[in-house]
Amino acid sequence: MSTENEGTAVPPAPSAPPVPVDAPAPSAPAASEGSDRTAPLPPVPPSAPGAPEHDVLQGGHAPAYASAESGGAPQGGVHHGSAGSAPDASWPPPPPATPSYADGGAGGGGGWGSSYEQPAPKPRSGRGGLVAAILVAALVAGGLGGGLGYTLAKNNDDNSGSTTVSASTSGGAVKRDAGTVAGVAARALPSTVTIEAESNNGEGGTGTGFVFDTQGHIVTNNHVVADALDGGKLTATFPNGKKYDAEVVGHAQGYDVAVIKLKNPPSDLKPLTLGDSDKVAVGDSTIAIGAPFGLSNTVTTGIISAKNRPVASSDGQGSTASYMSALQTDASINPGNSGGPLLDAQGNVIGINSAIQSTGSGGLGGTSQSGSIGLGFAIPINQAKYVAQQLIKTGKPVYAKIGASVSLEDSSNGAKITEQGSGGASAVESGGPADKAGLKPGDVITKLDDNVIDSGPTLIGEIWTHKPGDKVTITYERNGSSHTVELTLGSRVGDS
């Protein structure tokens, strides 16, 4: 959905200046005939006037991945999540133009601004002649002064060439403070890359990534590099135009995080500084960098408009959904921004731009995908940092889990532990964290620590913001009664 600037009504044109009224004095003739009108004003111009399926769990249309297909084309919208599945909670189921006014110039001859002739004085004698002589001398002096003033003014104008005032320095020489958007962008852009992923059959897309360390590791989204897996081609291009071949070091489908490494990386890489996403507050300024619709090195700004936003998304290619407890921002994010950094006002990375809310009612099979409507979602950097480090270390993701399968149906009541797990397995893993805490099928989890849980995907997203071994407090309902229990999160390695 987009809004267009509405036309602004053109104010009425100013009326023509009044024609001076002849005020004849004794013996003074009227102004010459045929010069008593001003030229008519021209008309005023009119004013000039754009597998699992993902879902935003708060209702409305689902978010789309913010990546773009080759050539800058978007990948399309997304579908709502499927209902009724019962996976393990640790892994989800398979200006208007300014009106110009016409110049109202005077017509030929007389009219507004025309001169009036003075009658020739009659000759006089005696003292009158002396007065006349003095008058003539005064007029001559006045004429000399006027002529001298005109000459000096003309010479001065010729020397300067213009009466406008110029800035002492050009725009490029202006010093921009580190805390300004321009200052942040100047430091961050050289460490941001545009990623092109191409599969063996020539299909692919464009996304973004940023320098993670001096060894040449680049962090991005899993769905950005998905096409390059299994022998595809992957390149990363810096703002200075230098392009490098790259390879996937590891990818986490559930987290939607991937790490690639440049082949023969340059020695002057400057990793972006990582912030603390836990300390981000609603209203904080944000700066997003990416390649929306293939337009590399684009910088947009906004604020953090919400935290802990439960988001489930998928690339629509039959892959397992990704879940996040996202940072929501109104900074303009479009297809191609995926994998790019979301920065705070100091230039620290606080998130990885991953998905956008779309107004389109169609899914990936639809004809088009809407662009930014001010609802973008980023993976918190604290979570992404942990995932990236695991991928660099082992090449595989590590997920936290409670060891229980929950329903993925949309709900506002909580995450219900199903009666049976995936593939006929027990809904509560024997000896797992949930089992040790006394949780049973049919229990409805309503809180994890202080965060309200309204559905299964929300629970999964919250669990994945933690690391295996973290202790969390679970609030659940059983037979109409509320209970609270503490448990230690377990772990699972890999996406399968």
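Modeller: The side chains of Lys-401 and Glu-429 form a salt bridge, with 2.9 Å from N to O; the term requires a side-chain nitrogen of Lys or Arg within 4 Å of a carboxyl oxygen of Asp or Glu. This pair links distant parts of the chain, 28 residues apart: Lys-401 belongs to strand E16 (residues 398-401), and Glu-429 to the loop between strand E17 (415-416) and helix H5 (433-436). Helices (H or I, at least four residues) and strands (E, at least two) are DSSP runs, numbered from the N terminus. Lys-401 is buried at 13% relative accessible area, whereas Glu-429 is partly exposed at 30%; buried means under 20%, exposed over 50%, and partly exposed in between, with a 1.4 Å probe and protein chains only.

The model is predicted: local features need pLDDT of at least 70 and side-chain atom pairs count only at pLDDT 80 or more, while totals for chains, interfaces and linings use all residues. Residues are numbered from 1 along each chain as its sequence is written, and side-chain values use heavy atoms, with hydrogens and water left out.

By the salt-bridge rule the count is 2. Another salt bridge joins the side chains of Arg-478 and Asp-443, at 2.8 Å from N to O. Arg-478 lies in strand E20 (residues 471-478) and Asp-443 in the loop between H5 and strand E18 (444-448), so this pair ties together parts 35 residues apart in sequence. Here Asp-443 is buried, at 2% relative accessibility, and Arg-478 is partly exposed, at 24%. For the protein as a whole, buried residues make up 41% of the 496 residues.
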